[in-house]
Structures are given as C-alpha cells and as structure tokens.
Amino acid sequence: MQLTLHRSAAPYPPERQRPRVGFFTDTSICIGCKACEVACKEWNNVPADDCGFSGDSYDNTLALGADTWRHVAFIEQRRPLGLREEPGTSLVQEAAAGQLGADGELPVHEDAGFRWLMSSDVCKHCTEAACLEVCPTGSLFRTEFGTVVVQEDVCNGCGYCIPACPFGVIDQRKDDGRAWKCTLCYDRLRDDMEPACAQACPTKSIQFGELEELRARAERRVEQLRGAGEPGAQLYGADPQNGVGGTGAFFLLLDEPETYGLPPDPVDTTRDLTEIWQTAALAGAMLVAGSVLALIGSRR
Amino acid sequence: MTEVRRGPGQVGASPTGAGKGGRGERRMVEPDRPRSYYGRSVIKEPVWSWEIPTYFFVGGLSGGSAVLALLADVSGRPEVARRAWPVSLASAAVSPALLISDLGRPERFYNMLRVAKATSPMSTGTWILTGLSGSNVVATANSLFGWFPRLGPFSKLSAALLGPLLSTYTAVLIADTAVPVWHEARRELPFVFAASSAASAGAAAALLSPRSQAGLGRRLAILGAAGETAASRLMERRLGTLAAPYRTGTAGRLSKLATGMTIAGAGILAVAGRRRPAGRVGGSLLVLAGAATERWSIFKAGFQSARDPQQTVGPQRERLANS
Ligand code: SF4
Ligand code: SF4
C-alpha cells in the first residue's frame, strides 16, 4: 500500500483546474539587482528581516525564510583566465598577458580570473511537496495553478513543515508563530497577473509562465549556453523524475547546486512514509513481545 | 562540531570550497568534498522547543504503560495494573498540554482535530493520542473503581493496542523530515523509541508497585534498557559519518549521559532491585532519566544535523555518484 493522498499537482476537477504555472529562473543573466526581493516584499507586505552587513559578497538576506521569499545569492569564484582552456585560439592573447605580467603591471597567473554567480532563489512549489504532505491542519494546500500555498488563517504554527522541506524554504515568523513562504503571488494569479518578482526583473532572469512551456524554453537555453562554452550550465529541478517529482520553480545554474546552497538530490521524505510506518509497527510489536517476555520470566 | 567558515564553492584548479574541520571522516578524493554556500545550512532547523522531547518521553511512558497494565490485568497482578493504568492516563493527559504549548498559535490547536491526513504523521499521531486518552479514562476508572464493567475490557484492549503506536509514531514523525540524522535513521529510530518506552513503563511500574509484584516492571525495565542501548548503538553504527551529532556538542553529551544512566539503572535493578528497596527505587529512577535523556539527545542531534550543510549535501552527492 502506498500513501497517495495529495500527491498530484493537479487535484481539481477539470472545470476548476488551471494549467500548472511556475518560474524558470535563468541565473546566467541575473545581474544581482535584487529588484525581485524588493518587489516581493512590497507586494506581499513581508516584514523587514533584521539583516545587517554579512560580508558574504553582496548578500545580506542570506537565505530564504519566513520574511525572505526571494533570495539573491552572490558567489565570487576565482577562475583560470581561460588562456589554456582553448589552445590555439589564444596564443597571442597568452603572450600578451604574459608580457603584461612580466611588465609588473598585471599579475597574471592561473587563478587570476574571476567570475560572479548570482541567483534568485525561491520556493520550488514541488510536485511532491513534503511541506504540504506533513501539514496536520491542511493549512498548506495545492492551488488550482499547481502551486503550494499556506493558508495563514488555518496554520497553527505546529512547525512540522519547516524541517520537512528538503530545500529549507519555509520558516516560522517568530513574533507571529505561523509558517510563511512564497505564495507564487496567488492573489495576482487569480487576477491573471504575473508574480511581482517576475514583473520586476529587468533582465528576464525570472520568467513566469506555464510549466510545460518554461521547461521547453529552458532546455533550449541550456543547449545554447553549453554551445557557447559554458560547460557548467545545467537545469536544476526541472526533471519530473527527480526526488520531488520535479519542481514548479526551477533554475538554470552555472555550477553545482550546493555552490548556491541548494541540495543536489532533494527527496520528498514522505516517499518513505509507508516503509517507516511498517518499521514502527514492527517496533510496536516488539514492545508487546518484550512485555510478554518480562511477564513470562517473572514470578508473582 | 568544528565551525569552519567556508567560502562558496570554487571552480578551477583548486577546489577550496568546503574544507570540513579536522574531525569527522577524511575523504579519499579531494574534489568529492561537498561544497556549500558560505557554510550555511541547506535545510532549516526545527523550531520545536523543550515540550517536544518531553512529549516523546511522556508519550512513550503512556504507551508502554498501557501495554504493561493490560498484561498485569490478565496475569492477575492487580497491584501493578492499578498503578500502570493511572500512569498511562496521567502521562497521556499532560501530553496535549505539552503539544499545545509548543504551537506557534496555541489557541488554534483545534485545527489539528478538523483534519485526518494519512500523509502527516502529526495528524495520525494526534488521533492516536486522542484515541488512547479516551480509552484510558475508561480503563483507569474501571481498574481503580470498577466503573464501566462492560466497556472496561474493551477500552483496556484498545488502549493497549494504541499504546505501541503512541510510543513509536513520534519516531515516524521525525524520520519523515529532511533532517539527515533523523531520516537516514528511519529503520532504527522506531526501535529506539519502542525499547525506550518499554524501559520507562517498566521502571515506573517497578517504582510504584509493592515489592511482591514489582518483578514484572523490574524485568521489563531491564529488558527495555538493554534494547534501548542496543538499538541506539545500532542506529549510530548504521548512520556512519552521519552519526557525528551523537558524538559532539549537546547531543553528544546527552547521548553519553543517557547510555550511562540507562546501563547503570538496569545494572542496579538486576543486581539489587529484587531485595533492596533502595536499589529498586534508584535503579528505576535512573532508567527513567536515561530514557528521557535519550529522547533529548535524539532531539538535539536533529538540530545539529540540520545546521551542517555537509550532512545534507554529502549523502545526496554519494547517492548521485552511485546512481
Ligand atoms: S520548496 Fe519546500 S516549501 Fe516550497 S513547496 Fe517544496 S517542500 Fe514546500
Ligand atoms: S506550521 Fe502551519 S503550515 Fe506548517 S505544518 Fe504546521 S499548520 Fe501546516
């Protein structure tokens, strides 16, 4: 027997079901302007987070949380200049760079290059959403757009969704007690508007649309980047075969997921729930057996 | 845990991304070391506080005592039954208070009772606790005052059937999270909880029963303590490098303390528990304290595990490499 409740991203009858929507965040064109963070705060009336100066590049919001529903990560990386990566095309450049180095104007060595990765993270609106599955009040629910939303008038702050999310997205607002996260602008969707972050993004790094269409677009983009000599380009979350059945918000990354603070192989742990209950039943039987054993051995 | 401040992953010749502090296991191949975003955790730490591990203990005591009480009834040990039923009822009765007080919005606890959801162990557990409490009121009234002569036996049976579930569902609850030290221990945690519950129930019965009938509780306490120690050792062994939280920090200290108290308590019960009241009382108290501390240690280990990005990333990387 498998627990199949709440496992579908389209649980509504056809007349109410709408096409599943999501985000394709193409981090290769993110400029780190944080317009998405600001637009999200403004539209959703999210309280200020007590961020100071972190010293971690330009990132002062640090992680997604109850009061940060879009989070722009900044990663500074040393990189070889690329002169040796493409033999033949750059001999002149290499010689020139070597000359510059010799002149003492510019220290050129293997590690002299630099690149900056920026990525706007958000709730993944998983197909198999652990947060939603473990929520004991039904506060977290699947909308007609296939997104995952907390009903704040139902949430009683039990906190179960928080360690259940494999991406560390949802969190408790301390002074309020309830759990909060991105709603994919449920209110705007119902008025046929795109989410605030996507509208504010000046480079179209955040693209909103129907999931099927976004996935096809992302495939083309990743091919294009690889062809242009960006071997690290990869899609993250788009695969419906992954541990959460594919995410509604997925990403094009230029490095491994963990570099961006993302889990490389996230799993909806509710997939194991049947097996865990079987173990618990067996353990419960052992408790009874042990008690009987104690009884048999003891005199009155 | 050695706190090493790490820069985000680097590409190119020198992957200086995520040096894990000297302790822990050394990996053979350098580039396989998982990287992280400024050393920050990937998943969120739980927000639960002291009420939850206390409930793990108290709920286990209640569940184990219900089983013990029924066995005492059917085997003609009325003095044990007359104590084990109220113990089970009392610990079931304080449980909702603990759980509600931990909620972010306590006044909305009833929202749990409007839903029954098979994918949420917390929902299932709420109903197990509700069912056991209800059965237990009748069972205890029957045992102490002879009320409900017809309903009594049924209630006792239902309480004793729900008891093992109350003792183990809390293990299911934490195993069904993304916290590595909990989820990866999903095959062992229920056994730790079940054995720990048996030890608690036995110790409570040994503590409260008159000497003539204290044997049952004493034996169960010893058996449970042995099982608890064995199961938690097995859990740590199977967790491998993920067991690090049980060796360091608060969880590590609690784990050592729990094992020490459990073994000492069981030893005292075995050697001096039959003859000397002091041995029985001291041994029982130690086993109870050991069981409570064991739950605290497991609880705290979850926080330490969630905080460490390597605990999350490491096993996932291994999985990807092996698939
Ligand atoms: S990313 Fe986390 S909070 Fe968002 S839907 Fe998935 S499990 Fe829920
Ligand atoms: S904190 Fe709120 S949203 Fe999260 S699981 Fe509990 S009731 Fe559901």
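These are my notes from looking through one structure, entry by entry.

**Before starting.** I reminded myself that this is a predicted model.

**The sheet.** I went for the strands first. I found an open sheet of four strands in chain A, in the order S8-S1-S10-S9, and its pairing is mixed. The edges are strand S8 (206-210) and strand S9 (234-236) of chain A, and each of these pairs on one side only.

How do S1 and S10 of chain A run, and how many bridges join them? I got four bridges between strand S1 (residues 21-26) and strand S10 (residues 249-253), and the two run parallel. As a landmark I noted Phe23(A), which stands opposite Ala249(A) in S10(A).

**What packs on it.** Helix H7 of chain A, residues 211-227, packs on this sheet. H7 touches S1, S8, S9 and S10 of chain A, and its direction makes about 140 degrees with that of S8(A).

**One residue on S8.** I picked Gln207(A), which is found in strand S8 of chain A. Buried or exposed, I wondered about Gln207(A)? Its relative accessible area is 11%, and the cut-off for buried is under 20%, so Gln207(A) counts as buried. The Gln207(A) side chain makes a polar contact, at 2.5 Å, with the side chain of Arg217(A). Leaving out residues up to four places away in sequence, I listed what Gln207(A) touches: Gly22(A), Phe23(A), Phe24(A), Asp26(A), Leu214(A) and Arg217(A).

**Helix H1.** Next I checked helix H1 of chain A, residues 35-44, for buried residues, and got Cys36(A), Glu37(A), Ala39(A), Cys40(A) and Asn44(A). What covers them? The cover includes strand S2 (70-79), strand S3 (113-122), helix H6 (196-200) and S8 of chain A. Just after H1(A) I spotted Asn45(A) with a positive phi of about 60 degrees.

**Ligand 1.** I then turned to the ligands. Ligand 1 is surrounded by 13 residues, and the closest are Cys123(A), Lys124(A), Cys126(A), Cys131(A) and Cys165(A). Sorting that shell by class gave me 10 nonpolar residues, one polar and two charged.

**Ligand 2.** Which residues are closest to ligand 2? They are Cys135(A), Thr137(A), Cys155(A), Cys158(A) and Cys161(A), out of 13 residues surrounding ligand 2. By class I wrote down eight nonpolar, five polar and no charged residues for this shell.

Key: Residues numbered from 1 in each chain as written. Chains lettered and ligands numbered in written order. Predicted model: local features only at pLDDT ≥ 70, side-chain atom pairs only at ≥ 80, totals over all residues. Heavy atoms only, no water. Near = heavy atom within 4 Å. Nonpolar A, V, L, I, M, F, W, Y, C, P; charged D, E, K, R; others polar. Pairing = 2+ DSSP bridges. Contact = heavy atoms within 4.5 Å. Axes fitted to C-alpha atoms, helices over the stretch in contact; angles between N-to-C directions. Buried < 20%, exposed > 50% of the residue type's maximum accessible area, 1.4 Å probe, protein only. Polar contact = N/O pair within 3.5 Å; in protein donor to acceptor, adjacent residues only side chain to side chain.
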